[in-house]
Amino acid sequence: MKKITRNIPFGYPLLDDNEKKEIIKVLSGYILAHGPRTKKFEEEFCKFTRAPYAVSVSSCTSGMHLVYEALNISKNDEVLVPAQTHVATAHAVEHTGAKPIFIDCDPATGNIDPNKIEKKITKKTKAIVVVHFLGLPVDFIEIKKIAKKYKLKIIEDCALSLGAKANGIHTGLLGDAGVFSFYPVKHITTGEGGMIITKNKNLAKKLKILRALGVDKSFSERVLPGMYDAKFLGYNYRLSELQSALGIHQIKKINFFLKKRAENFNYLYKNLSKISSLRVLPSSYKSYKGSFYCLSIILNKELRNKRKLIITNLNKKGIGTSIYYPQPVPRMTYYKKKYRYLKKDFIHSEEISDCSICLPVGPHINLEDCKFMLKNINLILKKIHEKN
Ligand SMILES: *Cc1c(COP(=O)(O)O)cnc(C)c1O
């Protein structure tokens with residue numbers, strides 16, 4: 001007898017016919033870069049987040065690099081970076097020549113632990129970068145207090161936090177700048193792509209110049225075609241018209257996407273929280289509301305050496321899983337070699353990397369899929385329990 005299996009990928013971009021038609025339209029014209037669609041996507045992104053300024057970029061990683069450069073972070077500076085994050089958060093710091101100083105997370109949320117920040121601050125510290133872990137806003141009040149006291153810039157890695165708000169303010173507007181990702185598994189996608197938002201007009205202006213080679217006149221501002229001057233050492237970190245065309249349509253669907261994510265998350269959260277051999281990371285606390293990127297379960301002691309077995313069994317049933325993030329960044333080879341790794345400093349980040357399993361909650365799945373996931377998790381755990 002054939003086993004009933006489902007196909008529940010961890011992430012799946014939802015692109016519809018309108019978006020595909022839009023791409024054909026762009027291809028039928030002659031403006032493929034520097035065009036009106038990029039501008040429109042930035043405007044739509046401002047509307048959704050209520051950001052005064054948005055600057056589109058080629059990825060979240062390039063966006064963060066651009067922000068650090070625009071804030072003049074460079075060699076001999078130090079930047080405080082969460083240990084539990086995507087390697088991109090730290091790589092972007094490394095590219096400026098500055099040194100990332102890693103900080104462990106709060107085990108209850110996976111977010112940077114504000115209590116561990118102050119003792120890592122030195123005369124060289126210029127900025128704190130925070131990541132809203134799995135879309136849950138960081139404890140902003142505390143972090144802002146520290147930043148103010150030591151005159152540090154705050155950069156937000158918002159790759160997973162589209163739709164997440166702290167006290168009603170969209171993530172990305174809590175510090176100096178926030179950067180989003182449109183990589184295929186994120187909340188919305190443009191294939192590759194990113195967006196920086198900020199309340200600072202001058203910073204936005206500088207970011208726009210640096211994103212386009214440090215050139216003084218944008219394409220539409222040139223009096224004579226082809227005439228421009230370079231005032232800064234800029235980059236080519238632009239988003240194309242093809243990508244922006246997708247973005248305009250995707251951002252229109254974000255409220256629907258978030259609603260589906262919340263439904264899936266809440267169903268799984270309610271039921272998985274009843275299992276005593278694991279805990280589930282929350283999607284809200286105080287008046288901070290997350291973006292339901294995925295659902296992370298942390299296995300308790302008795303299940304820790306069974307993670308691989310649980311994952312393979314889920315995958316066999318067609319249930320996609322992932323791990324966020326596979327290692328505390330300072331434990332990754334590049335960083336370990338360069339700065340050494342002190343295990344005792346990153347106990348909580350290690351717990352999340354080594355004992356968690358992330359389950360999908362995206363709009364590509366429905367409540368039936370969630371029930372199927374729940375049923376199979378319970379079956380797998382029961383089998384493990386019986387064998388012990
Ligand atoms: C995915 C991710 C990134 C990288 O985004 P790109 O757009 O691929 O550069 C950065 N930070 C975090 C927290 C992420 O999850």
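## A tour of the charged pairs

Begin by selecting Asp113, which is buried, with a relative accessible area of 12% (buried means under 20% relative accessible area, exposed over 50%, and partly exposed in between, with a 1.4 Å probe and protein chains only). This is a predicted model, in which local features need pLDDT of at least 70 and side-chain atom pairs count only at pLDDT 80 or more, while totals for chains, interfaces and linings use all residues. Residues are numbered from 1 along each chain as its sequence is written, and side-chain values use heavy atoms, with hydrogens and water left out.

Lys116 itself is partly exposed, at a relative accessible area of 26%.

Next, select helix H5, residues 140-150, where Glu142 and Lys145 lie three residues apart, about one turn of the helix (helices are DSSP runs of H or I with at least four residues, strands are runs of E with at least two, and both are numbered from the N terminus). Glu142 and Lys145 form a salt bridge whose closest N and O atoms are 3.2 Å apart, and Glu142 counts as partly exposed at 32% relative accessibility.

Now move to Glu351 and Arg304, whose side chains meet in a salt bridge at 2.9 Å, N to O. Glu351 lies in helix H11 (residues 347-355) and Arg304 in the loop between strand E13 (295-299) and helix H9 (307-316), so the pair ties together parts that are 47 residues apart in sequence. Glu351 is buried, with a relative accessible area of 17%, whereas Arg304 counts as partly exposed at 28%.

Across the model, the count comes to 25 salt bridges.

Finally, zoom out to the whole chain, which has 12 helices and 14 strands. The radius of gyration, taken over C-alpha atoms, is 22 Å, close to the 21 Å that the globule rule (2.2 Å times the number of residues to the power 0.38) gives for 388 residues, so the chain is as compact as a globular protein of that length. Along its principal axes the C-alpha trace spans about 75 × 55 × 40 Å, and buried residues make up 55% of the 388 residues.

Conventions
Salt bridge = Lys/Arg side-chain N within 4 Å of Asp/Glu carboxyl O.
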